[in-house]
Amino acid sequence: AHQILKRSSCRVSCENIRVDVKPKEITLETAVKFEVHVDVSRKELKVFDIPPSMPEDRIKDRLEMSFSRPTRGGGEVTSVDYSGNTGTGSITFLKPGGMNL
């Protein structure tokens, strides 16, 4: 990314259109860390006490990414439900035993 920002312009192609653009630095939101309390079943993981620090869609995406990582004992996620009102959610795995806690 640093190398791209040093350029005065870049050519971007999309389908049959080419556009010259100037790279611009953007600032991303700061990362939010939270502790998750869990109850485990064979195929569904329930999470509690999730602080409403981001929009519900972003929290659902974060939960899916976190629990689908095999390096952290995760498995293939089929669905994620989350309610910002209650701070609870559930992650459903494709195969039983998706999380190795």
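Student: Which pattern does the protein follow along the sequence?

Tutor: Helices (H or I, at least four residues) and strands (E, at least two) are DSSP runs, numbered from the N terminus. Here the order is α-β-β-β-β-α-β-β, with two helices and six strands. This is a predicted model, where local features need pLDDT of at least 70, side-chain atom pairs count only at pLDDT 80 or more, and totals for chains, interfaces and linings use all residues. Residues are numbered from 1 along each chain as its sequence is written, and side-chain values use heavy atoms, leaving out hydrogens and water.

Student: How do I read strand pairing, and how many bridges join β5 and β6?

Tutor: Two strands pair if DSSP finds at least two bridges between them. Strand β5 (residues 77–83) pairs with β6 in the antiparallel sense over six bridges. Ser79 stands opposite Thr92 in β6. The β5 and β6 hairpin has four residues between its strands, and Gly87 takes a positive phi near 70 degrees there.

Student: Is Ser90 buried or exposed?

Tutor: Buried means under 20% relative accessible area, exposed over 50%, and partly exposed in between (1.4 Å probe, protein chains only). Ser90 lies in strand β6 (residues 88–93) and counts as buried because its relative accessibility is 10%. Of the protein's 101 residues, 22% count as buried.

Student: Which residues is Ser90 in contact with?

Tutor: Contact means heavy atoms within 4.5 Å. Leaving aside neighbours within four places in sequence, Ser90 is in contact with Glu44, Leu45, Lys46, Val47, Ser79, Val80 and Asp81. The side chains of Ser90 and Glu44 are also joined by a polar contact of 3.3 Å. That term covers a pair of N or O atoms within 3.5 Å; within protein, one must be able to donate a hydrogen and the other to accept it, and residues adjacent in sequence count only if both atoms are side-chain atoms.

Student: Which residues form the nonpolar patch on the surface?

Tutor: Nonpolar side chains (Val, Leu, Ile, Met, Phe, Trp, Tyr) are joined within 5 Å, like charges within 9 Å. Val12, Ile17, Val19 and Val21 form this one, with about 310 Å² of accessible area together. Such areas come from the Shrake-Rupley method with a 1.4 Å probe; for residues, only the protein chains shown count as cover. Strand β2 (residues 17–21) gives the most, three residues. Val21 sits in β2 and is partly exposed, at 33% relative accessible area.

Methods
Patch = residues over 30% accessible without salt bridge, like charges linked within 9 Å, V, L, I, M, F, W, Y side chains within 5 Å. Salt bridge = Lys/Arg side-chain N within 4 Å of Asp/Glu carboxyl O.
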